[in-house]
Amino acid sequence: MLNALKQKLTNYWNLMKNKTIITYGTFDMFHIGHLNLLKRLKALGDELIVGVSTDEFNKIKGKKTLIPYDQRAEIIASIKYVDKVIAEENWEQKKLDIEKYNCDVFAIGNDWEGKFDFLKDYCEVIYMERTKGVSTSELKNSLNSFLSISKKDLEIAFSIIEKLRTDLN
């Protein structure tokens, strides 16, 4: 009984491991949601390849990044869950990368649900749940809101803070 269970667990482990996983993203303003995704992706197999969108490709996608490609790629490469970083330069390369790196699984956040189903002809496609309460878009919106405060309003706010500080001392 124990040997049969051990064999089943070994078979399951072998099915789960020895897989190459590939994902893509911009990874601008790296946050805990990005880290959670990469950690969960690495748990799916042995090797995790991450395609980081280049600045030029982001322009084509209509995205403006705050952090340049070289820095974003270096951040991703330094994460222990990531085995290889490649440049994502166009939409079409996903199929080619899956073939080139012999990937078993293409995985991406579920905000892309259904958009990459055409890759199922080449490997398993998984849409991963996002970390609740955090996203780069939300961070950028908050930053834009803060930056849109007028100089006059900031001066008023700082004078009030200074008056409170003085009154409390």
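Reply: Strand E1 (residues 20-25) and strand E2 are joined by six bridges and run parallel; strands are DSSP runs of E with at least two residues, helices are runs of H or I with at least four, and both are numbered from the N terminus. Within this pairing, Ile 21 has Leu 48 of E2 as its bridge partner. Two strands count as paired if DSSP finds at least two bridges between them. The model is a predicted one, in which local features need pLDDT of at least 70 and side-chain atom pairs count only at pLDDT 80 or more, while totals for chains, interfaces and linings use all residues. Residues are numbered from 1 along each chain as its sequence is written, and side-chain values use heavy atoms, with hydrogens and water left out.

On to the next pairing: strand E2 (residues 47-53) and E3 run parallel and are joined by five bridges. Here Val 52 has Ala 87 in E3 as its bridge partner. E2 is mostly covered, with six of its seven residues buried; buried means under 20% relative accessible area, exposed over 50%, and partly exposed in between, with a 1.4 Å probe and protein chains only.

The whole sheet is open and has five strands in the order E3-E2-E1-E4-E5, with parallel pairing. Strand E3 (84-88) and strand E5 (124-128) stand at the edges with a single partner strand each, so one side of each is left without a neighbour in the sheet. From one strand to the next, the twist averages 25°; axes are lines fitted to C-alpha atoms, for helices over the stretch in contact, and angles run from 0 to 180 degrees between N-to-C directions.

Helix H4 (residues 69-77) packs on this sheet, where it touches E2 and E3, and its direction makes about 165° with that of E2. Contact means heavy atoms within 4.5 Å. The buried residues of H4 are Tyr 69, Arg 72, Ala 73 and Ile 76. They cover an arc of only 100° around the axis, which puts them on the same side of H4; the arc is that of the directions from the helix axis to the C-beta atoms. Helix H2 (32-42), E2, helix H3 (55-60) and E3 are among what covers these buried residues of H4. Asp 70 and Glu 74 are exposed residues on the face of H4 turned away from its buried side.

The chain as a whole comes to seven helices and five strands, and its elements run α-β-α-β-α-α-β-α-β-β-α-α from the N terminus on. Of its 169 residues, 35% are buried. Among contacts between residues at least 6 apart in sequence, 65% join residues at least 24 apart.

The structure holds six aromatic pairs, where rings of Phe, Tyr and Trp (its six-membered ring) pair if their centres lie within 6.5 Å, with planes under 30 degrees apart counted as stacked, over 60 as edge-to-face and the rest as tilted. Trp 112 and Phe 116 form a tilted pair, at 5.6 Å centre to centre and 45° between the planes. Phe 116 is buried, at 4% relative accessibility, whereas Trp 112 is partly exposed, at 27%.
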